[in-house]
Amino acid sequence: MTTIVVNGVKREVQAPTDTPLLYVLRNDLALSGPQFGCGLAQCGACSVLLNGKEVRSCITTLGSAAGKEVTTLEGLPARWAKQNGLAEADAAKILHPVQAAWIEEQTPLCGFCQNGMMIKATELLERVASPSVAEIKEAFTTSGPSPHLCRCGSYTAIIQAVQRAAAAMSKRSEA
Amino acid sequence: MSNSTDVFGAALSRRGFVKAGGVLLAGFGLARAEGQQQAGRVDALNPALPESWIEIHDDNTILIRTGKSDFGQSTIFTAYRQIVAEELSAPFEAITTVVSGDTDRTPDGGGTFDLLGGGMPNVRKAAAYVHQALLDLASQRLGVPKEQLSVKDGVVSGGGKSLSFGDLVKNQKLSLTIPVKGDVNSMFGLTVNGNPPLKPVSQYTIIGKSFPNSAIVSKVTAKETWVTDVRLPGMMHARMVHPRTLGSKLVSVGALDKARFPNAQVIVKGNLVGVVAPTEWEAIQAAQQVASGTKWTEWKGLPGNQRLFQLLKEDADWKTAPAASSKTNKGDVAAAIANSAKKLSATYQLPFLKHAPIGPTMAVGDVRPDGTVYVYTHTQNPQALRSGIAQMLTTSVDRVVVRTFAGPGHYGRSNGGNAGAEDEAVILSQAVGKPVRVQWTRQDDFAWSTQSSAAFSEVEIGVDAKGSLSAYEINHYMPAMQDDRLVGAILAGLPTIPAPNEKGSLFGVANSMQDPWVYDATPAVLERAYGTGQVGQNSSPLNVGLRDHSMRTPGQYQQNFPRELAITEAAVLAGVDPLAFRIQHAREKRLIGVLESARENSGWATRSQRPSGSDAVSRGQGVSVMFRSGTYWACVAHIAVNMTSGAIKVEKITVAVDPGIVVNPAQLKRQVEGGAMMGVSMALLEELRFDESGVTASDWRSYPIATMADVPEIKVVLINQPEVGTYGQGSEAANALAAPAIAGALFDATGKIARRLPLKADYVKTLLKA
């Protein structure tokens with residue numbers, strides 16, 4: 001039995017500790033945000049935040065996540081609510097500014113990679129309030145184990161959505 | 001109401017009255033489905049399920065159904081809603097539900113391509129019939145002649161009275177039977193027949209607006225049910241152990257270590273080997289363990305990358321399949337070239353490409369005890385897949401249901417039915433008597449999926465003394481492009497459709513002219529397309545070589561790159577600016593329009609107007625055009641070439657697109673941006689690596705695609721032309737435009753002509769040294 005904290009909730013998992021976190025999240029905990037893209041940490045479709053850092057859940061074992069805080073796409077609204085002192089009940093009604101920006105910019109095409117893109121954007125914007133285009137490109141290409149890949153070619157829309165989210169988040173923190 | 005009212009060839013009838021609710025269903029009748037030989041063929045498993053295109057409900061909501069699926073185009077959630085709302089004169093928001101893809105819940109089949117149907121998708125005509133039926137109902141209810149009625153926002157008015165669409169159907173069960181033709185299980189599905197009156201374009205209020213894509217909210221908030229999320233009671237996980245080569249037969253299966261994997265089991269059927277277990281992790285590990293001990297025969301029947309074009313040029317049979325000639329061929333090309341002041345003779349080569357979806361293909365198969373079969377997948381053509389699965393199991397098509405879900409886009413791979421894993425999931429489910437989820441690995445997806453055909457073209461051009469094209473000849477050579485066989489069925493020795501062969505006219509080895517000629521001022525033109533079998537197939541004991549499949553702008557990409565780069569070369573030969581040269585040879589105003597727009601919006605400048613580059617970096621510009629599915633495209637690429645390494649950086653892509661009527665500007669813009677980006681990736685990076693035995697690309701390192709670091713400035717200019725009267729389509733064309741524009745820009749920047757793709761740094765470096 002391994003204990004992990006997923007989206008703020010303590011979860012007990014039966015799976016063997018060498019099971020990649022991705023399969024635990026998807027199959028044992030019924031979370032559908034992270035996707036299987038390669039199993040090789042080469043694409044970013046499976047990304048989650050582990051103690052606030054973007055990791056590839058396809059090569060992160062359950063054992064190595066024990067006792068740590070995992071945030072998936074599903075947990076972004078609650079994460080934002082907690083960071084901004086909003087009531088837990090409000091978290092259910094809001095979106096993380098990154099998600100809102102992704103919708104406003106109509107960013108996804110097929111959308112399969114966008115889980116990882118939004119996770120990466122969240123990690124970036126928690127670190128850098130107003131990233132330049134160069135900093136955004138750096139985050140999505142060289143900051144992790146591999147570039148975050150989008151086959152549909154939505155990179156331009158992703159950059160615009162990150163900028164929109166950054167503006168929304170800065171506004172909030174000034175308020 | 002009488003038993004049946006004729007509505008421009010459709011039949012409106014009242015099936016009864018109901019106390020609560022009320023609905024108008026617009027579907028097709030079997031008796032009216034021309035070409036339906038077997039009456040049972042269009043029945044879903046449960047014939048009571050609705051198969052209508054459009055439902056008008058008494059609460060003024062509207063439901064639409066389409067056999068097509070969303071692959072990221074958003075069309076069925078945006079353009080289809082807009083088109084139906086427009087034809088009905090109902091609010092966009094009234095269309096609350098879009099049902100798509102599922103074979104038991106949608107009426108028309110067909111593939112997810114040609115989404116706007118040359119301006120006349122099924123939903124448009126169906127909506128036009130429904131609009132007329134609603135007018136007939138209102139005329140009877142209001143006692144006002146039909147021609148004196150007006151409709152706005154879902155309300156019919158006339159004679160000082162008005163009724164909403166919901167009022168018109170309240171307490172009734174109405175059905176409108178729409179005439180159709182075709183075969184629902186074929187590649188193209190059913191098509192709505194007849195000519196109901198259409199709303200004049202001048203009265204459009206909904207088409208042309210940027211409505212958001214409703215599917216995006218669920219995907220961004222993790223509420224979407226992706227195909228990857230399908231979980232059935234008792235479902236098992238599986239991984240395949242595919243043959244070592246594309247021609248390997250099974251010698252012996254590795255023993256399963258039951259101590260380590262107590263719940264796993266190995267399924268073997270012919271050359272098909274799969275490992276099934278209750279948990280995904282056990283299936284993965286057990287499959288790896290079994291694979292390591294499994295023995296296969298060796299096979300070497302492919303040329304490898306090095307010898308590919310030598311084989312295609314010297315050994316392939318281009319004579320058996322009939323050559324296709326363009327309808328626009330004219331003049332005596334040979335004589336005109338002989339008399340030309342300047343001549344160009346060149347060969348152009350394009351590599352095999354992978355569709356390369358971000359998620360490897362997966363599917364869930366469920367062969368139930370009663371023999372019915374359910375397949376859960378992400379496919380562009382569920383009805384064609386249904387028919388393929390029925391054929392494989394030697395059962396009737398009405399025993400098979402295909403349900404579709406959102407998934408990773410794969411750009412044409414499944415437009416003939418299967419993406420790869422569906423048939424394997426069904427075979428394994430039948431073997432274990434439980435639902436089975438087959439997830440291909442990244443390596444499976446590179447090695448065992450189809451690819452976009454490699455091709456080469458030979459060009460002869462004559463330029464006259466005045467600097468105009470005097471003659472143009474091109475001969476295109478491409479192996480068969482549409483292998484829709486079920487690969488699991490092939491491995492298991494089960495029935496599937498024949499391999500592409502000389503007799504298959506549409507999907508066989510014959511090639512066709514896909515890239516319409518657009519330089520109408522050219523006096524002599526000869527374009528031909530030659531086809532042949534798939535590379536390696538005949539010598540493979542599995543009858544599997546490099547299986548090909550249409551991928552974005554299929555065939556046309558392979559023909560447009562050589563044409564457009566050759567036209568740029570001809571312009572330089574003629575001493576004319578390549579963009580001006582294109583305008584000089586165009587007669588079609590819309591083509592000239594996109595070229596002028598691309599010129600203005602890209603900052604196109606002739607050589608003499610630009611500063612010369614440094615020794616280290618040289619900059620250039622190139623242009624390309626395409627006419628596809630009613631839409632004119634022009635693209636300008638601005639690039640920087642590192643003169644030492646040969647690396648190309650695409651700095652700006654400008655795309656001007658005239659589709660006639662722009663249905664949804666914001667969605668079209670995003671589609672074009674994405675296509676242009678994928679086009680840059682194809683032009684600069686992509687080439688499938690293979691050796692004598694099979695595909696050697698196995699991951700994103702061995703098949704690199706563009707990353708965010710490669711993003712150029714992308715400028716999309718939409719040219720709305722209501723006077724064209726209808727909407728063109730084919731935003732995939734954006735993919736194809738980049739390569740010839742970038743190669744043209746390389747020529748401009750360096751004076752070097754790169755006639756084969758991709759334009760990798762090493763290749764460009766070699767050209768620069770030459």
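Domain bounds here come from an automatic or database domain assignment. For chain A, that assignment gives domain 1 (2-74) and domain 2 (75-174), and the C-alpha centres of these two domains of chain A lie 19 Å apart. The model is a predicted one, in which local features need pLDDT of at least 70 and side-chain atom pairs count only at pLDDT 80 or more, while totals for chains, interfaces and linings use all residues. Residues are numbered from 1 along each chain as its sequence is written, with chains lettered from A in the order in which they are written.

Within chain A, 22 residues of domain 1 are in contact with 19 residues of domain 2 (contact: C-beta atoms, placed from the backbone, within 7 Å). On the domain 1 side, β3 (47-50) and β4 (53-56) of chain A each give two or more residues; strands are DSSP runs of E of at least two residues, and helices runs of H or I of at least four, numbered from the N terminus.

Turning to the partner chain, 43 residues of chain A are in contact with 43 residues of chain B. The chain A elements giving two or more residues to this side are α1 (21-28), α4 (97-104), α6 (133-141) and α7 (155-174).

In chain B, helix α13 (residues 578-585) has as its buried residues B:Pro578, B:Leu579, B:Phe581, B:Arg582 and B:His585 (buried: 20 or more other C-beta atoms within 10 Å of the residue's own, C-beta atoms being placed from the backbone). Viewed down the axis of α13(B), these buried residues fall within an arc of 160°, so they line one face of the helix; the arc is that of the directions from the helix axis to the C-beta atoms. The buried residues of α13(B) pack against β26 (469-479), α12 (556-574), α14 (589-602), β28 (617-628) and α16 (733-750) of chain B.

Note on methods. Two residues are in contact if their C-beta atoms, placed from the backbone, lie within 7 Å. A residue is buried if 20 or more other C-beta atoms lie within 10 Å of its own, exposed if 12 or fewer, and partly exposed in between; C-beta atoms are placed from the backbone.
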